[in-house]
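I opened the notebook today to look up a few packing details in one model. Here is what I went through, entry by entry.

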Amino acid sequence: MRKGLLAFILPLLLLSVLAVPTVSADPLYVHSASATQADVDAGESAQFQWVIYNNDTSPYLLKVTSALDRTSDAWDVSLSQYPPIIEPGEYAVVTATVNAHRDVGNEDLVLSMAFDLTKLNGDPSASVHLERTAQVTLHAMFESTGNRIFGMWANDLPSPFNTLLWSFIITLAVWVAIAAAIYFVVNPLIHQFTKKTRTDLDDRIVQIVRMPMFILIVLFGLVDSLSIVNIPTEWHIRIWQAYQIIVALVATWIAYRVFDRVVIHYADKWAKKSDTEIDDVLVPLLHKVGIIAIPVVGVGLVLDVVGVDLTLLVAGMGVVGLIVAFAAQETLGNVFSGIQLLLDRPFKVGDLIELDTGEVCEVKRVGIRSTQLYNTYDHEMIIVPNNEVANKRVINHSRPDNHRCVYADVRVVYGTDLDKARAILMDIVSKHPDVVRQEGQLPFLRLAKLGESAVEFRLWFWVDHVRKQWRVATEIRTEIYKKFREEGIEIALPQEMVTFRNAPPTDGP
């Protein structure tokens, strides 16, 4: 809110500064661009801005000093960068930041600003000294409420219960009673309501947060009750810091439990119901990432509480991440290829595929890094990196359906009754029980070639399941051989006829 207000006021102020020289002859002006009074809570800061405008024809050297009317380790003041020289017609903006540390008490301070400007052209001894002030009110993080129960009601109990110690004990006891009532009364009542719902999501969440809520309420009551007793501010800050660390750890534990028992639980149930394979792989991956990422975030919260600057740590982790990514680029390539295979789904578990090496394998598992294949010929498992599977030619014998087109070449000698041979071939293939006989996948026969020593037929037919193709092809070729022998049809063999010219006559028989 303050930054937005300054962004609105500062241009108006600059316009007013630029308008002043038309009615005034002063060479330099210092105007406040922010409020000159601020309230600052412990651990926070306040900013004050001033604009210095050069209305002269010569440039000025600018030097700014700031000081608070009292010095202490509990507060400090710093200045922003500003241009050392202000040219004629230009201005400089100076920002002073007052920081209140956590151990600051209730204080009223005066911020003094001194602007020394030395003329660079003309008389070098000409200089201008201007001063401005701002009021700062600091508020302590912890204030003793005195002998008051809950810091609100005066302790008028009879002696000896009217002391600070008993006010502390009574306040803490009430907080413990509140936590116990929520744990033993409110939570069971909520459980009676949630168990009537259709889902167990609410039951799981109530069960997860029940004990952490009790711990946090008791700890908050302890910290809140300490404002009654008069303990050193340093102790109070250390106790508050310890409380924040415990809160960060408890929040991390809750986040982990919700992630593990709610998010992953329902993700697993959804993955089992869906037909896709990507969720079966990504859910375990998500689980592994979560059990690492959530504790890392919790450690970051704890480090932030103790005052460790996480900027350098995050930057360092980014550099380490780049190094790891470069070193593991092959593995990462396989991971992204695995995700691509799961999304594109060129094949699924159970499909029969043919690799570019000619191996025909059954897909057993598509993992995030590799694909497991079963070699149907050699009875062995093949583990192929996903990067190779995604970037190589793969034939899926199970798509678009489980039917597989198979052909058989048949050679008969010249002089064979072709119509008879054709009828035998079509009869054999049509009667086989595993051959598809549906529109678009009917068996068909073509005279493929009039060869040098044979008439060549090619017979196409579809097998009703890809895994039967080799057996069916063998059975049909065997049946062709038997039928041709029964019908006296000769299967041609490669042969050559050699004729001798000017050969001597042979004697007759």
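**A buried asparagine**

I started with N187, which counts as buried because its relative accessibility is 6%, under the 20% cut-off. A reminder to myself: this is a predicted model. I then checked where N187 sits, and found it in helix 2. Which residues does N187 touch, leaving aside its neighbours within four places in sequence? I noted I182, V206 and R210 as its contacts.

**Helix 2 against helix 3**

Next I looked at the helix pair itself. I like to recall that two packed helices are described by the angle between their axes and the distance between the axes. Helix 2 covers residues 164-194 and helix 3 covers residues 201-225. I read an angle of about 170° for their packing, and their axes are 8 Å apart. An angle over 145 degrees counts as roughly antiparallel, so that is how I logged helix 2 and helix 3 relative to each other. How do the residues of this contact divide? I wrote down 19 nonpolar, six polar and four charged. V206 and R210, the contacts of N187 mentioned above, have numbers that fall in the 201-225 range of helix 3.

I moved on to an open sheet of three strands, in the order 17-19-18, with antiparallel pairing. Which strands are at the edges? They are strand 17 (404-412) and strand 18 (444-450), each pairing on one side only. From one strand to the next, I found an average twist of 25°.

I then followed the pairing of strand 18 with strand 19 (residues 455-463): six bridges join these antiparallel strands. One pair I picked out was K449, whose bridge partner in strand 19 is E456.

**Helices on the sheet**

Helix 9 (residues 418-431) packs on the sheet and touches strand 17, strand 18 and strand 19. I noted that its direction makes about 20° with that of strand 19. Helix 10 (residues 469-486) packs on the sheet as well, touching strand 17 and strand 19. For helix 10 I took the angle against strand 17, which is about 25°.

**Cysteines**

My last stop was the cysteines. How many disulfides are there? The count comes to zero, with a pair of cysteine sulfur atoms within 2.5 Å as the rule.

Terms used:
Residues numbered from 1 in each chain as written. Predicted model: local features only at pLDDT ≥ 70, side-chain atom pairs only at ≥ 80, totals over all residues. Heavy atoms only, no water. Axes fitted to C-alpha atoms, helices over the stretch in contact; angles between N-to-C directions. Helix = DSSP H or I, 4+ residues; strand = E, 2+ residues; numbered from the N terminus. Parallel < 35°, antiparallel > 145°, perpendicular 65-115°, else oblique. Nonpolar A, V, L, I, M, F, W, Y, C, P; charged D, E, K, R; others polar. Buried < 20%, exposed > 50% of the residue type's maximum accessible area, 1.4 Å probe, protein only. Contact = heavy atoms within 4.5 Å. Pairing = 2+ DSSP bridges.
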